[in-house]
Amino acid sequence: MMKTIQIEGQQAALGNIFCIGRNYSEHVKELQNAKPDEPVVFLKPTSSLAQAGDNIKLPAYSRDVHHECELVIYIKDDAIDVDEDKALNYVGGYAIGLDLTARDVQAELKGKGLPWEKAKGFPTAACVSHFITPDKVNDIQTQDFCLKVNGEIRQQGNSRDMMFSCRQIISYLSRVYGLQAGDIIYTGTPAGVAAIKSGDELELIWPEKIMLKFKVA
């Protein structure tokens, strides 16, 4: 069955799920990764999508699933070879989400030089709120957001700290992969990632715009 997302109460078709890794310098440091020269891109299957009302389900093959709170972009029109100065014209909405990562599995796969999909693409690994239209966001590169786990702040970030801005990300993806209407883009996570466990309650907060809770089953 085709997956959909919500924009201001309206259903919209979901296309590809693109994710940008290593886009906040402090997160790069905490995982002891190298700073990238261009956006680090990976994809999640649409079957990994989780939305309001869904519970997070931890995969049986991992013992170390981490939360990664991120701002998410919805692409409203096909975009091929788009210049950075026109990139935001293709945005149909913004949301807040979680890129869940089976960190132990990821480390094992990276050590073998293999792709990350098993660590990133399990069901409910791509949590996302409803989307708000761009006119409700004054400047996407000045946005505070945070994640609370069981009422305590775990991650705090501001989109001004992205190493690759939303404009740069959209332009890059449009040139390398081509973007289609319905694609969503996870833009990277700030420092503070940590493990979650059954019974945890995760609260995604984009002040004055969106608040959404997920329970870990």
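Here are a few notes on a helix, a loop serine and some ring contacts in this predicted model.

1. Start with helix α2, residues 103-111, where R103, V105, Q106 and L109 are buried. Looking down the axis of α2, these buried residues fall within an arc of 155°, so they line one face of the helix. Just past the end of α2, G113 has a positive phi of about 70°.

2. S62 sits in the loop between β5 (49-50) and β6 (65-66), and its relative accessibility is 7%, so with the cut-off at under 20% S62 counts as buried. Its side chain makes a polar contact with the side chain of D104, at 2.7 Å. Leaving aside residues up to four places away in sequence, S62 touches A102, D104 and V105.

3. On to the aromatics: the structure has four aromatic pairs. For F18 and Y177, the ring centres are 5.6 Å apart and the planes are at 55°, so this pair is tilted. The two are 159 residues apart in the chain, with F18 in strand β3 (residues 17-21) and Y177 in the loop between α4 (166-176) and β13 (184-186). F18 is buried at 3% relative accessibility, whereas Y177 is partly exposed at 44%.

4. Another pair is Y24 with F145, edge-to-face, with 6.5 Å centre to centre and 70° between the planes. Again distant parts of the chain are linked: Y24 is in the loop between β3 and α1 (25-30), F145 is in strand β11 (residues 144-149), and 121 residues separate them. Both Y24 and F145 are buried.

Methods:
Residues numbered from 1 in each chain as written. Predicted model: local features only at pLDDT ≥ 70, side-chain atom pairs only at ≥ 80, totals over all residues. Heavy atoms only, no water. Buried < 20%, exposed > 50% of the residue type's maximum accessible area, 1.4 Å probe, protein only. Helix = DSSP H or I, 4+ residues; strand = E, 2+ residues; numbered from the N terminus. Arc of directions from axis to C-beta. Polar contact = N/O pair within 3.5 Å; in protein donor to acceptor, adjacent residues only side chain to side chain. Contact = heavy atoms within 4.5 Å. Phe/Tyr/Trp six-rings, centres within 6.5 Å; stacked < 30°, edge-to-face > 60°.
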